[in-house]
Amino acid sequence: MNITPLILFASLLLLLPLHASAEDTIVFTTLGRSHYEFDIYSLSRTQPPSISREIRITDGESVNFNGYFPSPSPALISLLPNDATLIQPGDSSPLHLIYVTERNGTSSIYYDLLHNGDSDSDSNNKRRSVLEGPSRVQIPLLSNADFLNGNTVNSFKDKPSLNGEFLVYVSTHENSGEPRTSWTAVYSTELRTGLTRRLTPSGIADFSPAVSPSGNLTAVASYGERGWTGEVEELSTDIYVFSTRDGIRRVKVVEHGGWPCWIDEKTLFFHRRSDDGWISVFRAVLPESGALSTESVKIQRVTPPGVHAFTPATSPNNHNFIAVATRRPGSDYRHVELFDLQRREFRELTSLVAPESHHLNPFLSPDGSRVGYHSCRGGANGKRSPLLLLENIQTTTSDLSLFRIDGSFPSFSPAGDRIAYVKMPGVYVVKPDGSGRREVYDGMAFSTAWDPVRLGRVYTSSGPTFATERTEVDIISIDVDVVDKSSSVRRLTTNGKNNAFPWPSPDGKLIVFRSGRSGHKNLYLMDAEKGETGGLWKLTEGAWTDTMCSWSPDGEWIAFASDRESPGSGSFELFLIHPNGTGLRKLIQSGTGGRTNHPIFSPDSKSIVFTSDYAGISAEPISNPHHYQPYGDIFTVKLDGSNLRRLTHNSYEDGTPAWAPRFISPNDVVLRRKNDSSCAFEDCHWLNKHPMLKGGKISC
């Protein structure tokens, strides 16, 4: 039975547990994630910044980011173990920290207490030993078990805030009910009781919550009822304010803004792109009396042109300075700086400590004496984390193991005893336990698929990615068990056009692939042994792009992504077609501008795993490292269009999934111990754009 897209949308992504076949395994890629060794660091504002004065606060093992220094309240102190009961509200000796942490394949919010962490009278070595030693207290404030009895996977990606009794944060555990509408919503949890309220109205997506000094108000960046339009750089959100306790009295106060923060109950800071092209920080002053609206709020630009300044941070009633992240012309790195609000001057911080490292999302202690941020710990940490081949990701069922792989375009050998993947450049083969890893091709390649009949043969696309129809990309086969690389590779296409995404038929006789030989990217079949010289047949034809094809194990269907309903728009849907060219039908409707890509069949040929933007965007892209598509999540769907399920919840770019022919136990697989800094991720590419000032000169 076919299910129409409208019916599909109505039942989209139910919150019931995923019902997979017995003991399934899915592996996917997250762009750059293996290089995110993030820890939270801090510098004193009152002392000159230096390596010796920078302190690492978090554990040096997890991925820790988006921190917040709360004022210690009775509710927060009540969570501490008995041996920490001497800590009193307002005590300035310990360092209190709330932050997002990724542990055991999922994210949660932790509270850390670090004794004597803020004492400038201690020596640097002593302060470091206190902060990084066993005296620390770590308490999970939220985890997946707090929601729906563990029947859903959540993601706490955005910045958390805490004031008094209430922890305010973002979660994605509730289905928005609409395709390409973010699941991201703001919630508050009362620390003493655990009572949780959704503060974001149904059908709305809110980002980057900030609680006012009194705790009475929360500000968010939000699309309101307008919704996400597909942008992946600076979001076109507005700033809304509402009651922290229950979400009522919600009012839009700023047109176009993101990442709000409060100084006092009437003053907000936020970032947005200015008319001159620079991303800058602005001040919003709310009226003392009368109706609150965008007309009654006064907006003033704070940071000058000549530098991108964003993700501002403040401390209560501090009208002297703010902390911002910057990208300056001539620098490839983002850094944390202070901006003097009176003198209108920047003061460099992290560029004086680690000039060639990225420093993200600053935050200030309540008294403004310390600046926090997260950065890659790199080689400076003796507790280096291992490089994982497979990182287990928490799911909602014990019948499915889900893994993130350190590579792209993974595929499994027919027996499931080996995995092929690409590193761009290079094609690698490894056993699922991480052993026997070898490079079998050293050129630029993307996509992999194993031959089901010829043992040890892998097909891939050799050439540049995201290239035009006339760019030379060829299908090659690699006999991975042949030691001599020069004799292990055979070229199967020779026409000099864009030929990519090969997938063999289950009997090993044919290969389906996409080719730009007609001037448009369509699907073709060719002989698997002799290549196009042994026979070539056109499967689809039209002035559009059909791509990313795969063959079902039972031989009945070929799945592919296509923009045929809106050629050139960037909107891709999933389609199915029989290998003889009959039975073409749409499986997934993406909607205007939507993307569903990389379809791969399950071993029983009854389901497909793919990546999609159905769940919208989960965080402001500027708050993360670079992702070409900062919205992709992994989904599965049955071939009749039913049982569409979301498997991943994060603000990264997840893609190129593979379905394993056999079950892999849900445990991390170590590839090796890291011997490099593993901080090779990139900043948002669009921050490289620096508009010119008058006269062609850039200055601050």
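**Close-up views of a predicted model**

**View 1. Strand E25 is covered on both of its faces in this predicted model.** On one side of E25 stand Arg370, Gly372, His374 and Cys376, on the other Val371, Tyr373 and Ser375, and every one of these residues is buried. The two groups can be read against a general rule, by which side chains in a regular strand alternate between the two faces of the sheet. Because 7 of the 7 residues of strand E25 (residues 370-376) are buried, the strand is largely enclosed by the rest of the structure. Strand E2 (residues 38-44) pairs with E25 in the antiparallel sense over 7 bridges, and within this pairing Asp39 stands opposite Ser375. Strand E24 (residues 359-364) is also antiparallel to E25 and is joined to it by 4 bridges, with Leu360 as the bridge partner of His374. E24 and E25 form a hairpin with 5 residues between the strands, in which Gly368 takes a positive phi near 75 degrees.

**View 2. Strand E13 pairs with strands E12 and E14.** Of the 6 residues of strand E13 (residues 217-222), 5 are buried, so the strand is largely enclosed by the rest of the structure. The hairpin formed by E12 and E13 has 5 residues between the strands, and Gly215 in the turn has a positive phi of about 85 degrees. With strand E14 (residues 238-243), E13 pairs over 6 bridges, again in the antiparallel sense, and here Leu217 stands opposite Ser243 in E14.

View 3. The antiparallel strands E16 and E17 (residues 267-273) are joined by 4 bridges, and Gly258 stands opposite His271 in E17.

**View 4. An open sheet of 4 strands has the order E20-E21-E22-E23, with antiparallel pairing.** Its edge strands are strand E20 (308-313) and strand E23 (345-348), each of which pairs on one side only. From one strand to the next, the twist in this sheet averages 40 degrees. The pairing of E20 with strand E21 (residues 321-327) is antiparallel and extends over 4 bridges, with His308 standing opposite Arg327 in E21.

**View 5. Asp112 and Thr106 both lie in strand E6.** Asp112, in strand E6 (residues 106-114), counts as buried because its relative accessibility is 0%, where the limit for buried is under 20%. The side chain of Asp112 makes a polar contact of 3.0 Å with the side chain of Tyr99. Leaving aside residues up to four places away in sequence, Asp112 touches Leu95, His96, Leu97, Tyr99, Arg136, Val137, Gln138 and Ile139. Thr106 is likewise buried, with a relative accessible area of 15%. The C-alpha atom of Thr106 is separated by 8.8 Å from that of His649, although the two residues are 543 residues apart along the chain.

**View 6. The largest nonpolar core has 58 residues.** The residues with the most contacts inside this core are Val512, Ile558, Leu576, Ile588, Ile608 and Phe610. For Ile608, the residues touched, not counting those up to four places away in sequence, are Ala559, Leu576, Leu587, Pro599, Ile600, Phe601, Phe635, Thr636, Val637, Leu639 and Trp659. Another core, of 21 residues, lies apart from the largest one and has Ala219, Trp262, Ala284 and Ile617 among its members.

**View 7. Cys549 and Cys684 are buried cysteines.** Cys549 has a relative accessible area of 4% and is buried, while Cys684, at 2% relative accessibility, also counts as buried. A disulfide is a covalent bond between the sulfur atoms of two cysteines. A search of the whole structure finds 0 disulfides.

Technical notes: Residues are numbered from 1 along each chain as its sequence is written. This is a predicted model: local features need pLDDT of at least 70, side-chain atom pairs count only at pLDDT 80 or more; totals for chains, interfaces and linings use all residues. Side-chain values use heavy atoms; hydrogens and water are left out. Two strands pair if DSSP finds at least two bridges between them. Helices (H or I, at least four residues) and strands (E, at least two) are DSSP runs, numbered from the N terminus. Buried means under 20% relative accessible area, exposed over 50%, partly exposed in between (1.4 Å probe, protein chains only). A polar contact is a pair of N or O atoms within 3.5 Å; within protein, one must be able to donate a hydrogen and the other to accept it, and residues adjacent in sequence count only if both atoms are side-chain atoms. Contact means heavy atoms within 4.5 Å. A disulfide is a pair of cysteine sulfur atoms within 2.5 Å. A nonpolar core is a set of buried Ala, Val, Leu, Ile, Met, Phe, Trp, Tyr and Cys residues joined through side-chain atoms within 4.5 Å. Axes are lines fitted to C-alpha atoms, for helices over the stretch in contact, and angles run from 0 to 180 degrees between N-to-C directions.
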